[in-house]
Amino acid sequence: MDESPEIPTCDLCDAHRSDASGAFRVLPPVFRDFGGRARFHGPVSTVRCHEDNSLVKAAVESPGQGRVLVVAGGASMRRALLGGNLGAAAASNGWAGVVVDGCVRDTAELARCAVGIKALAPHPMPPDKRNEGQRDVPVQVQGVWVRPGEWLCADEDGVVVMPAAPAA
């Protein structure tokens with residue numbers, strides 16, 4: 001996990017309340033915590049996919065280097081994109097967190113993973129494996145643009161995205 005200081009999302013929102021540029025964004029409050037850490041932050045890496053987690057698997061099985069994987073799953077409620085095995089891989093490979101615009105499964109296993117995981121809901125159905133999707137491209141999550149290399153902070157109060165790490 002990144003060594004930069006933890007700054008609560010509420011404090012970040014206070015500091016950026018007058019930002020009309022669109023550089024500071026808050027994701028809608030639709031995400032639930034599933035991982036072993038409720039607070040996480042780091043540079044963004046992205047995956048765009050639909051009911052196919054092939055690229056999610058490839059991402060979390062690679063070195064995370066304190067990054068946050070943002071999975072633009074189209075808010076599908078038909079299949080899970082992350083489960084216990086991939087949650088454990090994300091934790092052991094140094095990912096700070098995973099934000100899934102879709103569902104997860106194996107929630108008891110995810111809760112034991114030392115990584116932040118936010119998603120819309122649990123769903124027991126596994127994903128497809130078609131090797132489809134895109135990696136490290138700008139994505140829309142719940143109508144909010146998120147780009148690779150931006151900074152994401154998440155905690156119990158929400159998820160914010162900004163161009164760079166906040167100043168301490």
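1. The model is predicted, so local features require pLDDT of at least 70 and side-chain atom pairs pLDDT 80 or more, whereas totals for chains, interfaces and linings use all residues. Residues are numbered from 1 along each chain as its sequence is written, and side-chain values use heavy atoms, without hydrogens and water.

2. Helix 3 spans residues 84–92, and its buried residues are Gly 84, Leu 86, Gly 87, Ala 89 and Ala 90. Buried denotes under 20% relative accessible area, exposed over 50%, and partly exposed in between (1.4 Å probe, protein chains only). Helices (H or I, at least four residues) and strands (E, at least two) are DSSP runs, numbered from the N terminus. The cover over these residues includes helix 2, strand 5, strand 6, helix 4 and strand 7. After helix 3 comes Gly 94, with a positive phi near 85°.

3. The count of salt bridges is 11, each being a side-chain nitrogen of Lys or Arg within 4 Å of a carboxyl oxygen of Asp or Glu. A network of them links Arg 79, Asp 128, Arg 130 and Glu 132.

4. Lys 118 pairs with Asp 33 in a salt bridge, with closest N and O atoms 2.7 Å apart. Lys 118 belongs to strand 7 and Asp 33 to strand 2, 85 residues apart. Lys 118 is buried at 3% relative accessibility, while Asp 33 is partly exposed at 36%.

5. Glu 156 and Arg 39 also form a salt bridge (2.9 Å, N to O). Glu 156 lies in the loop between strands 11 and 12 and Arg 39 in the loop between strands 2 and 3, so the pair ties together parts 117 residues apart in sequence.

Terms used
Contact means heavy atoms within 4.5 Å.
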